[in-house]
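Subject: Structure for your review

Dear colleague,

Please find below the structure that I am handing over to you. My notes on what was found in it follow directly after it.

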Amino acid sequence: QVQLVESGGGSVQAGGSLRLSCIVSGYSYSRSCMGWFRQAPGKEREGITIFYSGSGSAAYVDSVQGRFTVSQDKSKNTLYLQMNSLKPEDTSMYYCASDPSESWACRGRHWYARSYNFWGQGTQVTVSS
């Protein structure tokens with residue numbers, strides 16, 4: 001079965017960096033749309049980046065543009081989220097998500113959590129000021 005396992009979260013001071021990993025198993029990862037989401041307590045789950053594994057193309061929301069970078073290592077079936085210049089408002093639980101049914105590109109709908117069938121368990125990121 002499809003499984004996503006995140007790791008790499010932790011506590012850092014503002015301005016610091018973290019790299020999250022998402023290991024994907026259970027299906028051919030090479031062509032699918034992947035998303036990174038975050039959810040703070042009492043808030044909705046927010047899509048912060050969508051990434052098409054076939055081409056390596058990515059899009060970011062304005063709040064993380066220029067600070068966060070998504071990448072992949074296909075040989076390891078792993079997706080990464082490099083987070084630099086972290087701010088206290090980045091504090092959240094971070095999730096990766098997969099839509100294996102989409103094998104050509106990410107679509108506008110992939111900014112929304114309901115478009116994904118599979119989710120990891122999440123990893124907590126806490127940024128102190």
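Ser-85 has a relative accessible area of 42%, so this residue counts as partly exposed. Please keep in mind throughout that the model is a predicted one. Ser-85 is found in the loop between β8 and β9, and its phi is near 50°, a positive value in a residue other than glycine. Most residues other than glycine have a negative phi. A second case is Asn-77, which is not a glycine either and has a positive phi of about 50°. Asn-77 has its place in the loop between β7 and β8, and with a relative accessibility of 24% it counts as partly exposed.

The loop that holds Ser-85 also holds Asp-90. Is Asp-90 buried or exposed? Its relative accessibility is 1%, so Asp-90 counts as buried. Leaving aside residues up to four places away in sequence, Asp-90 touches Arg-38, Arg-67, Phe-68, Ser-85, Val-125 and Val-127.

Salt bridges

How many salt bridges does a search of the whole structure find? The search finds four. In one of them, the side chains of Arg-38 and Asp-90 meet, with 2.9 Å from N to O. Arg-38 lies in strand β4 (residues 33-39) and Asp-90 in the loop between β8 and β9, so this pair ties together parts that are 52 residues apart in sequence. Both Arg-38 and Asp-90 are buried; for Arg-38, the relative accessibility is 6%.

Arg-38 forms a salt bridge with Glu-46 as well, and there the closest N and O atoms are 3.0 Å apart. Glu-46 has a relative accessible area of 31% and is therefore partly exposed. Taken together, Arg-38, Glu-46, Arg-67 and Asp-90 are linked in a network of salt bridges.

Another salt bridge is formed by the side chains of Arg-109 and Asp-99, at 3.3 Å from N to O. Because Arg-109 lies in the loop between β9 and β10 (118-119) and Asp-99 in strand β9, the pair ties together parts that are ten residues apart in sequence. Arg-109 is partly exposed, with a relative accessible area of 37%, whereas Asp-99 is buried, with a value of 1%.

Strand pairing

Strand β1 (residues 3-7) and strand β3 (residues 18-25) run antiparallel and are joined by five bridges. Within this pairing, Gln-3 has Ser-25 of β3 as its bridge partner. Strand β3 also pairs with strand β8 (residues 78-83), again in the antiparallel sense, over six bridges. Here Arg-19 stands opposite Gln-82 in β8.

Nonpolar cores

The largest nonpolar core has 26 residues, and those that touch the most other members are Trp-36, Ile-48, Phe-68, Leu-79, Leu-81, Met-83 and Tyr-94. Which elements give two or more residues to this core? They are β3, β4, β5 (46-52), β7 (68-73), β8, β9 and β11 (123-128). The largest share, four residues, comes from β3. Apart from this core lies another one of five residues, among them Cys-33, Phe-37, Ile-50 and Tyr-116.

Tyr-94 deserves a separate word. Not counting residues up to four places away in sequence, the contacts of Tyr-94 include Glu-6, Leu-20, Phe-37, Arg-38, Ile-48 and Phe-68. Leu-81, Met-83, Gly-122, Thr-123 and Val-125 are also touched by Tyr-94.

Aromatic pairs

The count of aromatic pairs comes to four. For Tyr-95 and Trp-119, the ring centres are 6.3 Å apart and the planes stand at 80°, so the pair is edge-to-face; the cut-off for that class is over 60 degrees. Since Tyr-95 lies in strand β9 and Trp-119 in strand β10, the pair ties together parts that are 24 residues apart in sequence. Tyr-95 is buried, with a relative accessible area of 13%, while Trp-119, at 25% relative accessibility, counts as partly exposed. Phe-37, Tyr-95, Tyr-116 and Trp-119 form one aromatic cluster. Two of these residues, Phe-37 and Tyr-116, are among the members of the five-residue core described above.

With kind regards

Notes
Residues are numbered from 1 along each chain as its sequence is written. This is a predicted model: local features need pLDDT of at least 70, side-chain atom pairs count only at pLDDT 80 or more; totals for chains, interfaces and linings use all residues. Side-chain values use heavy atoms; hydrogens and water are left out. Two strands pair if DSSP finds at least two bridges between them. Buried means under 20% relative accessible area, exposed over 50%, partly exposed in between (1.4 Å probe, protein chains only). A nonpolar core is a set of buried Ala, Val, Leu, Ile, Met, Phe, Trp, Tyr and Cys residues joined through side-chain atoms within 4.5 Å. Contact means heavy atoms within 4.5 Å. Rings of Phe, Tyr and Trp (its six-membered ring) pair if their centres lie within 6.5 Å; planes under 30 degrees apart count as stacked, over 60 as edge-to-face and the rest as tilted.
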